[in-house]
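The exercises below go through one structure step by step, and each task is followed by a worked solution. Please try each task on the structure before reading its solution.

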Amino acid sequence: MATIFSPSALLTTATTVAAASSSSSSTSSLHLPIRSTTKLQLPNLTTTALTATALAAATIIATTIPPALSAESYATYYGTAASAANYGGYGGNSDKKTSAEYIYDIPQGWKERLVSKVEKGTNGTDSEFYNPKKRTEKEYLTFLGGLRQLAPKEAVLNNLALSDVNLQDLIAGADSVSSEETKDDKGQVYYVYEIDSPSAHSLISVTCARNKLYAHFVMAPAAEWKKDQETLKHIHESFKTVG
């Protein structure tokens, strides 16, 4: 059976196709693509800049730590407690580390004050170091021979003051004086004193060994004690006899 096509139908179809093609062409020519289908991955400049700034700041902070926050470094002092007759090493061993009778720590930058033969003979001062920026902030050691054991705590402190005018004044004007007895890992007894006065603060550690009494002093003005007590307590606790 033959199919009869109507000329009007063909015309309508042709016209529709042509119109669609024309419309598509027109649309294509009027609406050009303005965005690429491939997105460029641009860096986030704000985040990058902030990160770089933070890293730079961290580097600066890490390399410029204020001295107050830096770890304190110390040197060890080896004391021989030689008699006045052997002052300067006469008749003694020149190697202080080998012949040391006591040790304590010295903060970095502190200076040694040379003890005279007269001082060594009169009040038994064996060594002394001080802070050059605050000369009244210091540590020193005195010793006395012929003592096998410690007397009662109160008697020991009073006897020390007899040959130390500064200590006498400190005790006389003190707000508080505390004392305690401790022992090291070898069972050696130490008396520990803390003297607090409006003008100064002092930590004293006393012990007997080798038939000698050793007294280690750490002193500072009241204002400096508040600032430097961590360092001062460290050097106070570092004292011990050896050998």
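**Exercise 1. The salt bridges**

How many salt bridges does the structure hold?

Solution. The model is a predicted one, and the structure holds 6 salt bridges.

Step 1. Begin with glutamate 101, which forms a salt bridge with lysine 212, their closest N and O atoms being 3.1 Å apart. Glutamate 101 lies in the loop between α3 (96-99) and β2 (102-107), while lysine 212 belongs to strand β9, so the pair ties together parts that are 111 residues apart in sequence. As for accessibility, glutamate 101 and lysine 212 are both buried.

Step 2. Turn next to glutamate 128 and arginine 113, whose side chains meet in a salt bridge with an N to O distance of 3.0 Å. This pair links distant parts of the chain, since glutamate 128 is in strand β4 (residues 125-131) and arginine 113 is in the loop between β3 and α4 (117-122), 15 residues apart. Residues count as buried under 20% relative accessible area and as exposed over 50%; glutamate 128, with 8%, is therefore buried, whereas arginine 113, with 27%, is partly exposed. These two residues also belong to a network of salt bridges that links Arg113, Glu119 and Glu128.

Step 3. Finish with aspartate 126 and lysine 120, which form a salt bridge whose closest N and O atoms are 2.5 Å apart. Here aspartate 126 counts as buried at 8% relative accessibility, and lysine 120 is buried as well, with a relative accessible area of 10%.

**Exercise 2. The sheet**

In what order do the strands of the open sheet of 7 strands lie, and which are the edge strands?

Solution. 

Step 1. The order is β3-β4-β5-β9-β8-β7-β6, and the pairing is antiparallel. The edge strands are β3 (111-112) and β6 (176-183), each of which pairs on one side only.

**Exercise 3. Strand β8 and its neighbours**

Which residues of β8 lie on one side and which on the other, and are they buried or exposed? Describe also how the strand is joined to β7 and to β9.

Solution. 

Step 1. In a regular strand the side chains alternate between the two faces of the sheet. On one side of β8 are Ala200, Ser202, Ile204, Val206 and Cys208, on the other are His201, Leu203, Ser205, Thr207 and Ala209, and all of them are buried, which leaves both faces covered. Counted along strand β8 (residues 200-209), 10 of its 10 residues are buried.

Step 2. Strand β7 (residues 189-196) pairs with β8 in the antiparallel sense over 7 bridges, and glutamate 194 stands opposite leucine 203 in β8. These two strands form a hairpin with 3 residues between them.

Step 3. Strand β9 (residues 212-221) runs antiparallel to β8 and is joined to it by 10 bridges, one example being histidine 201, whose bridge partner in β9 is alanine 220. The hairpin of β8 and β9 has 2 residues between the strands, and arginine 210 in the turn has a positive phi of about 55 degrees.

**Exercise 4. The helices**

Which strands does α5 lie across, and at what angle do α5 and α6 pack?

Solution. 

Step 1. Helix α5 lies across β6, β7, β8 and β9, and runs at about 65 degrees to β7. Helix α7 (residues 222-238) also packs on the sheet, where it touches β5 (134-145), β7, β8 and β9, and its direction makes about 150 degrees with that of β9.

Step 2. Helix α5 (residues 153-162) packs with helix α6 (residues 165-172) at an angle of about 130 degrees, and their axes are 6 Å apart; α5 and α6 are therefore oblique to each other.

Step 3. In this contact, Leu157, Leu160, Ala161 and Leu162 of α5 meet Val165, Leu167, Gln168 and Ile171 of α6. Sorted by class, the contact has 7 nonpolar residues, 1 polar residue and no charged ones.

Notes: Residues are numbered from 1 along each chain as its sequence is written. This is a predicted model: local features need pLDDT of at least 70, side-chain atom pairs count only at pLDDT 80 or more; totals for chains, interfaces and linings use all residues. Side-chain values use heavy atoms; hydrogens and water are left out. Axes are lines fitted to C-alpha atoms, for helices over the stretch in contact, and angles run from 0 to 180 degrees between N-to-C directions. Helices (H or I, at least four residues) and strands (E, at least two) are DSSP runs, numbered from the N terminus. Angles under 35 degrees count as roughly parallel, over 145 as roughly antiparallel, 65 to 115 as roughly perpendicular and the rest as oblique. Contact means heavy atoms within 4.5 Å. Ala, Val, Leu, Ile, Met, Phe, Trp, Tyr, Cys and Pro count as nonpolar, Asp, Glu, Lys and Arg as charged, and the others, Gly among them, as polar. Buried means under 20% relative accessible area, exposed over 50%, partly exposed in between (1.4 Å probe, protein chains only). Two strands pair if DSSP finds at least two bridges between them. A salt bridge is a side-chain nitrogen of Lys or Arg within 4 Å of a carboxyl oxygen of Asp or Glu.
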